[in-house]
Amino acid sequence: MTDFDPANFANLGPKEFAQLVKSTPDSKLAEIMSGELRGKILGEVFGRMPQIFRADRAGSTNAVIHWNITGAPDGGTDTYEVVIADGTCTVNETPQHEPRLALTLGPVEFLKIVSGGANPVMMFMTGKLKAKGDLGLAANIANLFDIPKA
């Protein structure tokens, strides 16, 4: 699908990205996320997190969250660190802190969650999303971001 061309992808707004994920079959998403575009897509998604962070909803939340996205082309896992502290959100491509919460999920499930196309609680209950650490934070994490809906 040419829509996932890196040049176009970076220009998509949150709503357009959500629509693209929603309209792309899971098999195609899996294929894309196991190829050379994976790093670009993950970089874009995590790069946007500070912009969609809702400081007004975070209150005094201070947390380090590790996102472990399985299914890398080398068979490994990509881990991104999201740090919420003092009303700000920062992202590190290399974890630097002990996490309060670690989330592990596949690449297709990740895209669906960050595009508002999946219910994280249902994914957790069905084993598609694994959470280790502060489960209260896990249950509330979606509220801390202005997640687009397709």
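Two strands pair if DSSP finds at least two bridges between them. I kept this definition at hand while reading the model, which is a predicted one.

**Entry 1: strand β4 and its partners**

I began with strand β4, residues 101-105. I looked up how strand β1, residues 63-69, is joined to β4, and found five bridges, with the two strands running parallel. Within this pairing, I noted that histidine 66 has alanine 102 of β4 as its bridge partner.

I then turned to strand β5, residues 129-133, which pairs with β4 over five bridges in the antiparallel sense.

**Entry 2: the annotated span**

I consulted the UniProt record, an unreviewed entry, which places the feature "domain: SCP2" at residues 56-146. For this span I noted 25% helix and 33% strand, and its end C-alpha atoms lie 11 Å apart.

**Entry 3: isoleucine 52**

I located isoleucine 52 in helix α4, residues 38-52. Its relative accessibility is 22%; buried means under 20% and exposed over 50%, so isoleucine 52 counts as partly exposed.

Which residues does isoleucine 52 contact, leaving aside its neighbours within four places in sequence? I listed Leu144, Phe145 and Asp146.

Finally, I checked isoleucine 52 against tryptophan 67: they are 15 residues apart in sequence, and their C-alpha atoms are 17 Å apart in space.

How values were computed: Residues are numbered from 1 along each chain as its sequence is written. This is a predicted model: local features need pLDDT of at least 70, side-chain atom pairs count only at pLDDT 80 or more; totals for chains, interfaces and linings use all residues. Side-chain values use heavy atoms; hydrogens and water are left out. Buried means under 20% relative accessible area, exposed over 50%, partly exposed in between (1.4 Å probe, protein chains only). Helices (H or I, at least four residues) and strands (E, at least two) are DSSP runs, numbered from the N terminus. UniProt positions are given in the numbering used here, feature names are shortened, and annotations may be inferred rather than shown by experiment. Contact means heavy atoms within 4.5 Å.
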